[in-house]
Amino acid sequence: MKTTTKLGLLFVAITSAHPVWAADQTVTLEDGRQVVLHDDFTWSYSQQPAIALSANSTATKPATTVEAIPVKSDLNAQSAIPVITVAKAAKVSLTSPKNIQQISDSGVDILLLAPRYEDGELFIPTMMTNQGSKSVMSVALRVTLNDADNQKLESKDLVLWRSIKRMPDTYFRAKTQEHGKDIIFSVPKMDNYTIQAEVIDIELW
C-alpha cells in the first residue's frame, strides 16, 4: 500500500475520533518514519534525530514536505489528504486563516478554504482535485450554515463545477486541480459559524 493511501486512512481514523479543527497529530508508519497530520489538511514528515552512519552507509536525505495530490503547475498547490466522505459539521472562523474542511466522493476531493466576509456576505472559496481516471463534468454540494449555537442560518444546493459535453476545453480532467465556485451566504457577521457540506452530485465523463 502506498504511503499516501496509508496516511489517508490514518487521517480518517484520527479525525473520526477528534473534532475537525483538532491540533496537529503525529503518527508512526510501519517503516518507523513519523509524519505530522496538520489541522489544515496537510501533512509532512517529522524531523528525525540524527542517526550515526556506518562506513558503508550514505547520508540520510533531509525531511521534506510531500504533496499527496497532483495539481496543475499554474495553480497554487493545496496539499490534501482525503478526510471525510459523509456530511460532518466543521467550524468556520473569520479569525483564523486555516482551511475549513475537505470532503471526498467518487475520486474528487473538495477543499473548503479559509473564509472571508465582505459587504454583508460570507465567502468560502473552494479548491477541487480530480484524483480519478475520468473527466469531471459537474460537482454539486448541499451546504448548511449554522451560527455558533448551532442555530440554522441558511441552507442551499450549489453547483461548484460544470463542464460542457463535447467541449474538451471545459473539462475538469483527471489528475488536475481547479478552483470551484465560491460558497456564498448572506448572513450577519460573526466570529464563528459551523458548516455542514455533503456531495449531492458528481458526473463523470
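Student: Which residue in strand 3 stands opposite Leu37?

Tutor: This is a predicted model, in which local features need pLDDT of at least 70, side-chain atom pairs count only at pLDDT 80 or more, and totals for chains, interfaces and linings use all residues. Residues are numbered from 1 along each chain as its sequence is written, and side-chain values use heavy atoms, without hydrogens and water. Strand 2 (residues 34–37) runs antiparallel to strand 3, joined to it by three bridges; strands are DSSP E runs of at least two residues, numbered from the N terminus. The residue opposite Leu37 is Trp43.

Student: Are the rings of Trp161 and Phe172 stacked, edge-to-face or tilted?

Tutor: Rings of Phe, Tyr and Trp (its six-membered ring) pair if their centres lie within 6.5 Å; planes under 30 degrees apart count as stacked, over 60 as edge-to-face and the rest as tilted. Trp161 is in strand 10 and Phe172 in the loop between strand 10 and strand 11. Their centres are 5.4 Å apart and their planes stand at 55°, so the pair is tilted.

Student: How far is Arg116 from the ring centre of Phe123?

Tutor: A charge sits over a ring if NZ of Lys or CZ of Arg is within 6 Å of the ring centre and within 35 degrees of the ring normal. Arg116 lies over the face of Phe123, and its distance from the ring centre is 4.6 Å.

Technical notes: Two strands pair if DSSP finds at least two bridges between them. Helices (H or I, at least four residues) and strands (E, at least two) are DSSP runs, numbered from the N terminus.
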